[in-house]
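Here are my notes on this one, as numbered points. Have the model open next to you while you read.

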Amino acid sequence: MPGAGRKPTALVGRDDALRAWGVALRRAERGTTDQPMILYGLRGVGKTVLITQLRHDAEDRDWWVAQVEAGTERPLREILGEGLYEPLSEISRPSAGKRVLRALKTALSFKASYDATGNWTFGVDLSDAAGGGADTGMLATDLRMILKDLSLAAREAGVGLAILIDEAQDLDTEELTTLAVIAQAAAQDNWPVLFALAGLPSLPQTLAEAKSYTERFQFIKVERLSESDARAAILRPAEGEGVSWSTEALEHVVSHSGRYPYFIQQFGQEAWNVAEGLRIGLTDAKLGVVQGQSQLDNGFFRSRWDRTTAAEKRYLRAMCPEGDAGVGSGEVASRMGKSLNQLGPIRARLIHKGLIYAPDHGIVAFTVPGMAGFIDRQIE
Ligand SMILES: Nc1ncnc2c1ncn2[C@@H]1O[C@H](COP(=O)(O)OP(=O)(O)OP(=O)(O)O)[C@@H](O)[C@H]1O
Ligand SMILES: [Mg+2]
């Protein structure tokens with residue numbers, strides 16, 4: 001199942017995060033609200049798939065859920081507003097309780113705060129309902145109001161509200177600060193609202209800079225798979241179809257994938273496609289890896305490479321000798337015969353594009369595993 005956000009047939013190695021989320025859901029139902037869960041990791045490691053599973057787990061318990069993707073172009077106010085529309089319309093009915101009507105009215109005002117044209121209609125008369133006022137224009141005030149009213153309405157229905165934000169590194173500092181403040185208030189007053197944010201490895205640092213009490217957040221590093229999980233990710237889907245892998249074939253795919261989920265899925269799929277019969281052997285695996293590599297080069301890697309300018313490409317090339325490990329930005333500058341200051345804007349743009357991040361002060365590294373190898377394969 002290679003592809004961004006594509007649900008793998010076997011979702012392996014994420015039991016700890018899923019268990020922690022399950023505990024948080026049950027605790028919230030019983031009146032105790034946990035701190036946000038922060039999932040961070042490299043490109044293609046499985047963050048979207050994991051946060052989507054969190055959504056399903058919440059939905060299975062009838063929670064009200066908004067799952068959104070942050071983007072550098074759109075403010076949090078808007079994407080959350082749109083993400084909340086579906087759960088809102090599901091709860092709107094004339095027989096709805098007071099708290100639900102209040103939440104709907106507050107939601108209408110929230111919508112008005114960023115969109116003067118298209119109004120929501122929920123098909124219920126809200127003229128006598130309390131609520132509203134989430135249109136002051138101050139994000140902290142408005143978001144707090146809608147999330148409070150909505151989560152308290154959810155409690156009336158015996159459930160909770162889950163807010164899931166993917167690509168959270170694209171939120172700006174004010175937005176992250178606001179989320180941290182509201183999550184803090186929610187945990188203090190036990191509104192049944194749980195947050196999960198997923199993003200690049202820079203996310204914990206960005207959050208820490210945004211607001212001090214984020215140290216109580218639950219930080220979960222989404223990593224490449226262990227040896228046994230990597231094998232399971234390949235074997236289990238095949239077993240389900242009555243197909244087996246030879247030991248050598250399995251080892252070949254696992255070792256060439258570096259145990260990165262995206263690569264496992266890509267190589268596994270290609271090996272599957274070339275194999276005949278009900279057993280996948282070493283020859284199939286070898287061919288699968290070669291074909292998978294070219295698929296990755298033409299998609300996973302190329303799509304990112306093509307989004308960079310010539311100057312950015314030169315910067316990325318200068319990072320390559322260290323491979324996936326980070327390199328000092330001073331070293332990159334000296335390799336390019338430039339000063340750190342001259343390269344500052346390029347570095348910033350590459351971070352903004354999500355291609356590199358700063359694992360430590362003065363260090364840059366690729367967010368995409370294997371990117372250095374890909375760049376080395378490209379003719380200058
Ligand atoms: N736990 C897992 N077990 C097996 N395969 C997985 C697992 N997690 C993700 N995958 C597979 O890896 C690929 C990438 O997953 P996903 O899109 O969730 O990564 P990501 O971390 O969100 O990447 P990006 O940073 O580019 O958004 C998908 O093909 C998915 O099926
Ligand atoms: Mg993703």
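1. Let me start inside. The largest cavity is lined by Trp21, Ala24, Asp34, Gln35, Pro36, Met37, Leu194, Phe195 and Gln218. The elements that put two or more residues into this lining are H1 and strand E4 (193–199); helices (H or I, at least four residues) and strands (E, at least two) are DSSP runs, numbered from the N terminus. A cavity here is a set of points, on a 1 Å grid over the protein atoms alone, where a 1.4 Å probe fits but cannot get out, and a lining residue has an atom within 4 Å of a point.

2. Ground rules before going further: this is a predicted model, where local features need pLDDT of at least 70 and side-chain atom pairs count only at pLDDT 80 or more, while totals for chains, interfaces and linings use all residues. Residues are numbered from 1 along each chain as its sequence is written, chains are lettered from A and ligands numbered from 1 in the order in which they are written, and side-chain values use heavy atoms, with hydrogens and water left out.

3. How much space does the largest cavity hold? Its volume is about 40 Å³, a volume being the space filled by probe spheres set on the points, with grid points joined across faces, edges and corners. By residue type, the lining of the largest cavity splits into six nonpolar, two polar and one charged.

4. In total, the structure holds two cavities of 30 Å³ or more. The second largest cavity has about 30 Å³ of space. Pro36, Leu179, Ala180, Ala183, Phe195, Leu197 and Phe217 line the second largest cavity, and the elements giving two or more residues to that lining are helix H6 (173–189) and E4. H6 gives the most, with three residues. The lining of the second largest cavity has seven nonpolar residues, no polar and no charged.

5. On to charges. The salt bridge count comes to 18, using a side-chain nitrogen of Lys or Arg within 4 Å of a carboxyl oxygen of Asp or Glu. One of them joins Asp16 to Arg19, with the closest N and O atoms 3.5 Å apart. Asp16 and Arg19 sit three residues apart in helix H1 (residues 15–29), about one turn of the helix. Are these two buried or exposed? Asp16 is exposed, and so is Arg19; exposed means over 50% relative accessible area, buried under 20%, and partly exposed in between (1.4 Å probe, protein chains only).

6. Glu78 and Arg74 also meet through their side chains in a salt bridge, at 3.3 Å from N to O. Glu78 is partly exposed at 24% relative accessible area, and Arg74 is partly exposed at 38%.

7. Have a look at helix H8 (residues 227–240) too: Arg231 and Glu227 both lie there, four residues apart, about one turn of the helix. Arg231 forms a salt bridge with Glu227, the closest N and O atoms being 3.6 Å apart. Arg231 is partly exposed at 27%, as is Glu227 at 37%. A network of salt bridges links Glu227, Arg231, Glu251 and Arg259.

8. Last, the sheet. Three strands form an open sheet in the order E8-E10-E9, with antiparallel pairing. Strand E8 (327–328) and strand E9 (356–357) are the edge strands, each pairing on one side only. E9 pairs with strand E10 (residues 363–366) in the antiparallel sense over two bridges, where pairing takes at least two bridges found by DSSP. Ile356 stands opposite Phe366 in E10.

Technical notes: 1 Å grid on protein atoms, 1.4 Å probe; cavity = no way out; pocket = protein on both sides within 12 Å on 5 of 7 lines; lining within 4 Å. Nonpolar A, V, L, I, M, F, W, Y, C, P; charged D, E, K, R; others polar.
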